[in-house]
Amino acid sequence: MAVNIDITTIHWWETIAPPTIDSSAPRRVEMKALIIGGGIAGPVLATFLRRIGVEVSLREARRGAASSEGSFLGVAPNGMNVLKEIGVDHEVHARGAVCEGFQFLGAEGDRIATIDGRDHEDRYGARLVIAKRGDLHEVLLDRALRAGTDVRFGARLANLDRSDARFVVARFEDGTEETADFVIGCDGLRSRVRSIALPDSPAPAALGLVDFGGYARCDHAPLEVGWNVMLFGHRAFFGAFKRPDGEIWWFHNGASDAEGQGTTRERILALHEEDPEWVRDVIRATPQIAGPWTFHDIESLPSWHRGRVCVIGDAAHATSPSAGQGASLALEDAMELARCLRDAGEPTKAFAMLEARRRARVETIVKQARRNGSGKAVASPIARWARDRMLPFFLKLGASAQHEQYAYRVAWDAPAA
């Protein structure tokens with residue numbers, strides 16, 4: 001039986017109007033920031049820091065903008081509200097497509113549950129947008145440049161000299177060095193900043209899942225435009241999103257140790273051989289399959305900062321894609337850190353404020369993502385039987401968690417302290 005999931009609970013803290021300040025005369029922070037990493041969090045943080053008067057240098061190890069990196073992702077309403085604050089939400093909309101909602105299917109193709117997102121603009125202030133990661137990178141980097149950020153590519157961090165408590169000296173592998181009042185690591189799962197400044201941090205944990213994806217045209221596939229279809233298959237998980245132009249964006253999550261012979265396409269087809277035929281038709285119609293990407297997360301760091309160095313986004317709390325919140329959490333971090341720096345006026349105080357405000361939220365979502373991923377690849381018919389009977393219950397819990405995630409807002413004009 002399909003379940004229509006409609007979460008309307010509004011918690012008491014969401015009904016309290018946040019305090020406001022006079023944003024016509026924002027506090028200026030006369031400092032220099034060095035941001036390491038030009039993916040998602042880095043350019044957005046740079047844009048907000050420029051707004052409060054910080055001089056910003058952004059350094060990226062890649063040789064150029066990551067316009068072709070990765071596949072696609074969802075920017076949830078909480079993340080889109082951050083993009084709205086810096087004025088790029090319409091451009092991301094134009095390059096991507098709005099998600100109408102989620103349809104969850106069992107292994108036989110039967111609909112288990114639906115989450116309708118067509119009212120999310122009214123409920124959360126924004127809709128979920130599906131966009132190519134490379135397009136998002138381009139939009140955010142362009143915005144940071146227009147804000148006056150100094151950007152340099154091919155700058156791979158070698159070390160951080162923190163011997164003087166007043167500043168940080170960053171040294172790069174090409175022999176150059178830069179001095180800044182503080183350094184922010186926005187350099188992702190394998191963060192170089194984290195390994196240098198926070199060496200006691202745990203290594204990212206492998207979650208036993210691997211991701212592939214692609215773009216295809218398959219007109220007879222039973223997919224509605226704008227709906228994210230999630231199929232819990234017999235041996236693997238398959239997600240598909242049909243754009244208004246008819247192109248299907250899809251991904252496959254399977255066990256990283258799944259055995260199989262042949263090409264990547266043949267191995268993925270074999271994992272879906274018992275699933276509905278349209279899944280295999282979409283895979284066959286894909287000109288080039290992208291991946292693999294192995295799922296990892298970081299459940300908790302002892303600390304996100306030390307002295308004048310701090311990490312945010314995936315460098316601080318990488319989450320698996322199973323929550324659909326990785327990009328949005330990074331966007332929230334960037335906006336919140338700029339608020340804390342604006343109001344604290346001193347980096348170490350701002351970093352402590354940021355961690356206190358963010359840690360509980362992000363770690364809850366990391367754990368939720370782990371739970372979401374646990375039923376995507378099952379090893380036996382008995383495990384699949386148990387999973388399929390519990391799915392409606394767990395999807396209701398997931399919808400409640402989604403509401404908590406989407407309803408979160410970073411209020412720029414409210415004081416952070």
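## Cysteines and disulfides

The sulfur of C186 lies 8.7 Å from the closest cysteine sulfur, that of C310, which is too far for a bond. The structure holds 0 disulfides, a disulfide being a pair of cysteine sulfur atoms within 2.5 Å. C186 is buried, at 10% relative accessible area, and C218 is also counted as buried, at 5%. Here buried means under 20% relative accessible area, exposed over 50% and partly exposed in between, with a 1.4 Å probe and protein chains only.

## Basis of the model

This is a predicted model, in which local features need pLDDT of at least 70, side-chain atom pairs count only at pLDDT 80 or more, and totals for chains, interfaces and linings use all residues. Residues are numbered from 1 along each chain as its sequence is written, and side-chain values use heavy atoms, with hydrogens and water left out.

## Nonpolar cores

A nonpolar core is a set of buried Ala, Val, Leu, Ile, Met, Phe, Trp, Tyr and Cys residues joined through side-chain atoms within 4.5 Å. The largest has 78 residues, of which L45, L49, L83, L160, F182, I184 and I312 touch the most other members. Helix α10 (residues 326-344) gives the most to this core, with 10 residues. A second, separate core of 20 residues includes C218, L231, I268 and I283.

Q405 lies in helix α12 (residues 381-407), helices being DSSP runs of H or I with at least four residues, numbered from the N terminus. Q405 is buried, with a relative accessible area of 7%. Leaving aside residues up to four places away in sequence, Q405 touches N78, A323, Q325, R361, I365 and Q368, where contact means heavy atoms within 4.5 Å.

How values were computed: Helix = DSSP H or I, 4+ residues; strand = E, 2+ residues; numbered from the N terminus.
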